[in-house]
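Subject: Handover of a structure

Dear colleague,

Please find the sequence and structure below. A summary of what was found follows directly after them.

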Amino acid sequence: MKMKLSRTLIQSAVAAAALTLAGTALADVTVISFGGANQKAQDKAFYGPFAASKGGSVTPGEYNGEQAKIKAMVEAGNVTWDVVEVESPELLRGCEEGLYEKLDYSKIGAKSEFLPKTVSDCGVGIFVWSTALAYNADKLKTAPTSWADFWDVKKFPGKRGLRKGAKYTLEFALLADGVKPADVYKVLGTKEGVERAFKKLDQIKGDIQWWEAGAQPPQLLASGDVVMSSVYNGRIAAAQKEGKNLKIVWNGSIYDVDSWAIPKGSPKRDEAYRFIKFASQPENQRVFSAEIPYGPTNAKAVSGMDPKIAAELPTAPENLKGAFATDTEFWVEHGEDLEQRFNAWAAR
Amino acid sequence: MTAASNTADALAPPAASVPSLKKRLRRAEMRKKLLYGALILPLAVFLLVAFVWPIASLLTRSIDNPEVHDNLPHTLRELKAWDGEGMPPAAVFTAFAAELESAKGSPAIAEIAKRLNREETGYRSLIMKTARKLPLPADTDVPSALTEIDARWGEAETWRAIRRSGGATTPFYLLAAIDRSIDTHGNIVTAPPEEAVYVNVLMRTFWMSLIVTGLCLVLGFPVAYLMAKLATKQSNMLMFFVLLPFWTSVLVRVAAWIILLQNEGLINKVLMAIGLTDGPLQLLFNRVGVYVAMVHILLPFMVLPLYSVMKGISPVYVRAAVSLGCPPFKSFWKVYFPQTLPGIGAGALLVFIMCMGYYITPALLGSPQEQMVSYFIAFYTNQTINWGMAAALSAVLLGATLVLYMVYARYLGPTRVKLVKPR
């Protein structure tokens, strides 16, 4: 009896201590991003300064965009990820399926502070990134200028890198076949358009080296395993900093927005909001863009930026020529079908 | 019954204060059985909780079909009365509009849309678009109002798709896992060649597993033979080398092969230095690389059972055969080799079944033409979150493996190996 009493005493003391601690010290937020050069830049621009501002500490983690783990967490009611970086089709789908919290913008900032189309019900844009053509300027004498050149194996012999998957691959095939950027999704929405894209891919099937992680194409380009490749533009900048002579062709690049989202049922919603608000401030987004050339989403961040850095971003007016945005709705609708079709084509 | 026991009592020895021998024996046996049962109970419970139950619950996902069934119950009930020709009655439209409206804004609507989109691409946006326009103003003609929102509501096929996807269970995923589907008239049809993939992938999985098993046997047999013949000290040394790879993670070994096999890698550099080839050979991202790494990883699983069987074979038989005038190779082939068959069977089965589920090695070292079934299971689990499809592919893989195992047990199992006829 005595022991039991003392145990309850200890328990209540611990509980009381925890309560008072929670009032003063700040819990840490688990923030999951895509890793690599992108995570390094986030650490410098967001995680470190967030902790320094006494906002709370950040436990970083990384994933490859698979929604399975988030779905499993939300369904089991045991959410351990507080803030996640998501690509736009997954964000839209996850929002509809109830994987993510509907955001309360009064806790983040007015939607009008952000560039149009970078904020939605469940996600706040972090940055604008681009999938573009890149080549090794040391290995190629003449520079390619379009996806048509990418398909020209006579003029540019050698292997080419493409991301293993239907998304972007089919768009690039249609661009190479002469479809105008504005018509790509209209054509890809028809049966004939899909046939056309796969027929175009057939032409260079034997010359393609497929990649899956964003860190692969710069390595493949640097080692000379491929002469050109589709790349995430930020990864090329990281390789350039290491002295590799890699160049980007912005013509025919496709840009998309990555967003912060809060998995539904996160126990640290308030901290998550505080982190998102902090990371959305123009000064922090400017630091991020200086680390890795992804375009900021906060309208004010663009104005005060070093012009040299601004010129390297996918959102720079010069780079937007011939570029277009990915059609999120299209990929949510046709994604499953086209990825299945792509798998069947690639496995043959 | 009573009569029988009466006779039994009559036959039993009198003054039965001590239980009969039979009874005592039975009791002792019962005690032994209980003891055995208690001994394996922890493992049995563990297997049940950690193995049987998860697998069973996963497999049920391959036929589970709750999306439309649970979320549009009234619509489905009304659709039952419809003959499938012409337009469904107005009651169907009314029930559908009401249920869609109540599902609006909740995850249920996304579930319905996602499931119907698998029947026909485009139905997702149809559902979403329709839900956005609801509720309809009071006193409208629901069928014409829905048709006005989208012409597809005026087509019988749309409603047939809803009815088709409305069962509590569905063969949809299992059929898709073998490149089949159900057409609008309920017949099972083969998928068009540009979409068919899984039958090929399954055959490829079998074929690659067979090749790897064969290579492991060819490479592992001499090693096991040597180990069984050598003195303990030397064979222990060899055993150490066989077991060494077990202490390194599979991922590290695969990464090591990437470094060795790549264009600028060690093997290509050596080949070019000694002048065997002019340019680098393509050893990576094709079948060669996958075979090399898989054989390397799975070789111990072939060597160990072979060795354990060979160690138990008495050298007396071969000596006897040779002393009776049988040539050395013939005596090896006729006398020694048949005795190793149980080891070959066990090793081959182990390697083959492990091959069937291989994922990481083909994923890292192969091109899309080398991917096996487990790649697609991972794809559906992680990428598209189509767990029905992932479960169906798992079920097909499990089924195929079980059939194979039964064939093995029937014709090649350890008890069946009787190539040397007893004389």
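A residue is called buried when its relative accessible area is under 20%. By that criterion, 38% of the 423 residues in chain B are buried. Please note that this is a predicted model.

Chain B: overall form
The secondary structure of chain B consists of 20 helices and 2 strands. Its radius of gyration is 32 Å, well over the 22 Å that the globule rule gives for 423 residues, so chain B is more spread out than a compact globule. Along the principal axes, the C-alpha atoms of chain B occupy a box of roughly 100 × 100 × 35 Å. Of the contacts in chain B between residues at least 6 apart in sequence, 69% link residues at least 24 apart.

Domains
In chain B, the assignment gives domain 1 (22-61), domain 2 (68-168) and domain 3 (198-411). A distance of 50 Å separates the C-alpha centres of domain 1 of chain B and domain 2 of chain B.

Chain A is divided into domain 1 (27-128 + 257-310) and domain 2 (130-254 + 318-347). The C-alpha centres of these two domains of chain A lie 27 Å apart. Where they meet, 14 residues of domain 1 of chain A are in contact with 13 residues of domain 2 of chain A.

With kind regards

Technical notes. Residues numbered from 1 in each chain as written. Chains lettered and ligands numbered in written order. Predicted model: local features only at pLDDT ≥ 70, side-chain atom pairs only at ≥ 80, totals over all residues. Heavy atoms only, no water. Helix = DSSP H or I, 4+ residues; strand = E, 2+ residues; numbered from the N terminus. Rg over C-alpha atoms; globule rule 2.2 N^0.38 Å. Buried < 20%, exposed > 50% of the residue type's maximum accessible area, 1.4 Å probe, protein only. Contact = heavy atoms within 4.5 Å. Domains from an automatic or database assignment.
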